[in-house]
Amino acid sequence: MVTTLPNLLTFGRIGLIPCFVLFFYLPFDWSAFAAGTIFGVAAITDWLDGYLARRLDQTSPLGAFLDPVADKLMVAVVLIMLLEANPSQLLALPAAVIIGREIAVSALREWMAEIGARGKVAVSSLGKIKTAAQMIALILLIVSPGLPSWSYWLGLAALYLAAALTLWSMLLYLKAAWPELSKAE
């Protein structure tokens with residue numbers, strides 16, 4: 001069903017992307033905090049829509065498809081915008097790792113679903129920890145222009161932790177999928 005509360009939250013998260021972009025580029029002292037708040041709300045709805053879907057027994061194929069798409073869109077947009085605002089190799093490396101992993105794991109999950117083995121690459125608890133570290137890192141990086149410089153470095157360190165967890169979880173997914181990937185034709 002399209003109009004369940006969890007699905008509406010997911011659509012709302014996608015709708016927050018242009019709002020985030022707008023506030024990120026506004027030339028006011030408070031715009032970084034507004035953009036960080038918008039991203040924080042999106043991060044909370046990421047958790048909340050899944051919780052409510054399970055709790056209210058409102059899981060749906062649309063929600064199962066749209067939720068990870070919304071997450072990946074928001075994270076990719078934020079990473080690209082942060083990198084555009086502060087081009088540096090230190091930020092580019094974890095951004096490339098995180099975006100590249102999301103593309104690779106999405107393709108892996110799609111292929112595993114196609115062969116009927118999607119359950120082998122289901123979201124793990126490590127993926128949830130990675131997401132939490134990533135969201136905290138991104139919020140810190142978004143709001144850091146209005147805070148002391150240590151907040152940027154703390155956000156960057158958290159982003160490197162998220163990137164490491166990202167690689168680790170990808171390796172676990174690849175290990176789980178390896179028997180299917182390595183089959184002879």
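1. A quick definition to start: helices (H or I, at least four residues) and strands (E, at least two) are DSSP runs, numbered from the N terminus. With that in hand, Trp 30 sits in the loop between α1 and α2. Trp 30 is partly exposed, since its relative accessible area is 45%; on this scale, buried means under 20% relative accessible area, exposed over 50%, and partly exposed in between (1.4 Å probe, protein chains only). Its C-alpha atom and that of Phe 11, 19 residues apart along the chain, are separated by 26 Å.

2. Before going further, a word on what you're looking at: this is a predicted model, in which local features need pLDDT of at least 70, side-chain atom pairs count only at pLDDT 80 or more, and totals for chains, interfaces and linings use all residues. Residues are numbered from 1 along each chain as its sequence is written, and side-chain values use heavy atoms, with hydrogens and water left out.

3. Now the overall layout. The chain has 6 helices and 0 strands, so the pattern along the sequence reads α-α-α-α-α-α. The C-alpha atoms fill a box of roughly 55 × 40 × 20 Å, taken along the principal axes.

4. How much of the chain counts as buried? The figure is 42% of the 185 residues. As for contacts (heavy atoms within 4.5 Å), residues 24 or more positions apart account for 75% of those in the chain with a separation of 6 or more.

5. The core is worth a look in your viewer. A nonpolar core here is a set of buried Ala, Val, Leu, Ile, Met, Phe, Trp, Tyr and Cys residues joined through side-chain atoms within 4.5 Å. The largest one has 29 residues, and Phe 20, Phe 39, Val 78, Leu 82, Leu 138 and Leu 159 touch the most other members. At least two residues of this core come from each of α1 (5-25), α2 (31-55), α3 (61-85), α4 (89-114), α5 and α6 (149-181). The largest share, 6 residues, is supplied by α3. A second, separate core of 6 residues includes Leu 108, Met 170, Tyr 173 and Ala 177.

6. Leaving aside residues up to four places away in sequence, Phe 39 touches Phe 20, Met 74, Val 78, Met 135, Leu 138, Ile 139 and Ile 142.

7. Gln 134 is another one to click on. Gln 134 belongs to helix α5 (residues 125-143), and it counts as buried because its relative accessibility is 3%. With residues up to four places away in sequence not counted, Gln 134 touches Val 75, Ile 98, Ala 162 and Thr 166.

8. Asp 57 lies in the loop between α2 and α3. Although Asp 57 is not a glycine, it has a positive phi of about 55 degrees. Is Asp 57 buried or exposed? Asp 57 is exposed, with a relative accessible area of 67%.

9. Last, Trp 150, which is found in helix α6. Trp 150 is exposed, given its relative accessible area of 55%.
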